[in-house]
Amino acid sequence: MWKEYTKGYLKNNRTSAVSMMTASFISALLLSLLSATFYNLWKYEVERLTAKGDTYALQAMYLVRDANDTAPRLVFPLFLLIMGLASVSLVIIIHNVFTVSMNARLHQFGIFSSIGATPKQIRTCLFQEAWSVCAVPVLAGTLLGIAGAFGITKWSNVIGAGIENRREEVFGYHPLILAVTLLIAGVTIGVSVWLPARKLSRMTPLEAIKNAGDGQLKRRKHSRMLSLLFGVEGELAGNALKAQKKALRTASLSLFLSFMAFTFMQCFFSLSAISTRETYFEKYQDAWDIMVTVKDEEIGAFGETEKIRALSGAKDVVVYQKAAAKCKLSEEELSEEMKANGGFSRASEKDVTQTEDGMIVNAPIVILDDESFLRYCAQIGIEQRLDGAVILNRIRDVTNPDFRHPQYMPYLKEGGETVFLGSGGMENVEAENGVTKDAVVELPVLAYTQEVPRLREEYATLDYYELVHFLPLSLWKEYREQIAGTEEEDTCIRVLGREGVTVEELSALQQEIDKVTEGHYKIESENRIRSYEENDTKMQGMMTIFGGFCVLLAVIGVSNMFSNTLGFVRQRKREIARYLSVGMKPQEIRKMFCIEAFVIVGKPVLFTLPVVVLAVGAMLRASFMDPAEFMAEAPLRPIITFMLAVWAAVGFSYYLGWRKVRGLNLTEVLRDDTMV
């Protein structure tokens, strides 16, 4: 009997069946798409780390490894988290669809209970109905989700084709992912049906028969704002929304979260792009065109400098290496401005060490090839010599937290002819041959300056009190053994091309540098223009991923709206019929529906705006960015487009609901024993 009833109900209520099938299909599609996409992201990262030989990071990708450490089990914590979130989303969507459908049939099930149907039989009927409707859509959605993940993989390879040293992503799909996806879809559909079925089966026959499912307020409330703006239709729309408050709770929350997440994401990435462009690409666009890192090679052992300088596209070449050292300063050596600003009183112990006869500060050394050092001497207007160091004599005003617009002052009194540099604690150390020697060396000083060489380097950004020294390579060779082991392992080559150089010219120059160093050194190189383009591509990729989650939230809300309007409007037929019976025109009913759609989307927008404004204001203050500068590039267009798209979707769902009630037969609707 129950099978025949289910067949008859679905045959005569196609709209309800279509709503359940659509919700199941969308939910399975999103679940399958997310799981397949994140599995491939994990797979790609494992392949990249394997090729790179990063064993430590590779092990972190797995939660469990077998005894031989050769066949890692398929456990992906982030994947599990995403699957859990997607499952919750699936439950929310399907639960609301079935709740609306079942509430519309309270009267029917009340009659069935009164003639002997048990709660178990009613639950069995509802589960049978759910599985017969959802099985095919779930399979179809799962397969389409896999196809979508395959498309995303191909798309990521297309947009990432210009990124240097990027591995091509190969699509893969593990059978376990399919099994888990179908299992979770089945469980969540079962949970979604069980929740309303359990509630319905616990109702007494009298409660079910008495509940006509009108969705009416027990006590009318006055909607002053809507009444003031839209008149009687606004008042009726306000009461209808209050009656649907529980049914619309998921939709409202999902829309609010999607609006807030999308708006915040757009603002964050826009601010980040502005900041990166100003503090990196624009700040150093005249300082480098190509950066080459010679891996595990000292500057003194690199012998291809002149060959690189001889390349036709290389207008300016600097070869340099960085080293770490310490410098001891007394209070008398500090500038008057530095003393007036508190000296070392604000310095942390990790940056400055206090001793009985002075302060020990970090003194980074930048070793330039001799020709570049001589050009640097000419740049700062001193005699071109190779027998001394140049000290960067500036320190940031530590009382001013604005890192975007730092203010500098002289660090030391100028005039000192020598400087003492050392490694470690600047005390006597024992050499390898057992002979004790002094680890502190005295270097002649050529000049104190606040100008820096044209390099893509930042100084004193983390440690404000470090005292930077620039040395020529020939001088470094003389004193290197006394500060042994302090230099970095890699040598850097900064290359400038002609003014207005193109990305093609820089790419060609990179290839020429590769030929010069091929077979002799292991190098990594960056192209300034290509790097800027890659940064934009990565930003767009991240925005696409996060935007997808925002769209997911919006889809949950809109799906809830469609299920509500296609199902709940059926329950409102008696309400609409009463309005028409007292003289309201169909156009006025349509206006009421439009007001409801406007309010449903408008409230999340109104709640989102102040939250986002406060968040963006906090980000602007933290980044010391001028609000006018941000507003000039604020992502208003995508935000407005996203909100209008959601508004249009919700409006369309109400339009479909309006089509269902605009041709009502008052006599049929107002009959009491409606069996729909």
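Which hand does the crossing of α18 and α19 have?

1. The crossing of α18 and α19 is right-handed, where a crossing is left-handed if the near helix is turned anticlockwise from the far one by less than a right angle, and right-handed if clockwise. This is a predicted model, in which local features need pLDDT of at least 70 and side-chain atom pairs count only at pLDDT 80 or more, while totals for chains, interfaces and linings use all residues. Residues are numbered from 1 along each chain as its sequence is written, and side-chain values use heavy atoms, with hydrogens and water left out.

2. The protein chain holds 22 helices and 16 strands, these being DSSP runs numbered from the N terminus (helices H or I, at least four residues; strands E, at least two). Of its 676 residues, 47% are buried, that is, under 20% in relative accessible area, with exposed meaning over 50% and partly exposed in between (1.4 Å probe, protein chains only).

3. Helix α18 (residues 573-581) packs on helix α19 (residues 586-623) at an angle of about 135°, with the axes 10 Å apart; the axes are lines fitted to C-alpha atoms, for helices over the stretch in contact, and angles run from 0 to 180 degrees between N-to-C directions. The two helices are therefore oblique to each other, since angles under 35 degrees count as roughly parallel, over 145 as roughly antiparallel, 65 to 115 as roughly perpendicular and the rest as oblique. I576, Y579 and L580 of α18 meet P586, I589, M592 and F593 of α19, a contact being heavy atoms within 4.5 Å. By class, the contact of α18 with α19 has seven nonpolar, no polar and no charged residues (Ala, Val, Leu, Ile, Met, Phe, Trp, Tyr, Cys and Pro count as nonpolar, Asp, Glu, Lys and Arg as charged, and the others, Gly among them, as polar). The buried residues of α18 are R574, E575, I576, A577 and Y579, and just after this helix G583 takes a positive phi of about 110°.

4. Helix α10 (residues 232-243) also packs on α19, the axes coming within 9 Å and crossing at roughly 55°. These two helices are therefore oblique to each other, and their crossing is right-handed. The contact includes L236, A237 and A240 of α10 and M592, I595 and V599 of α19, and its residues divide into eight nonpolar, one polar and four charged.

5. For α19 and α21, the axes come within 9 Å and cross at roughly 150°, and the helices are therefore roughly antiparallel to each other. Among the residues in this contact are F593, F598 and V605 of α19 and W647, Y654 and W658 of α21; by class it has 14 nonpolar, three polar and two charged residues.

6. The structure holds 15 aromatic pairs, counted where rings of Phe, Tyr and Trp (its six-membered ring) have centres within 6.5 Å, with planes under 30 degrees apart stacked, over 60 edge-to-face and the rest tilted. F262 and F642 form a stacked pair, 4.2 Å centre to centre with 15° between the planes. F262 lies in helix α11 (residues 249-281) and F642 in helix α21 (residues 636-661), so the pair ties together parts that are 380 residues apart in sequence. Both F262 and F642 are buried. Ring pairs also link F230, F598 and W647 into a cluster.
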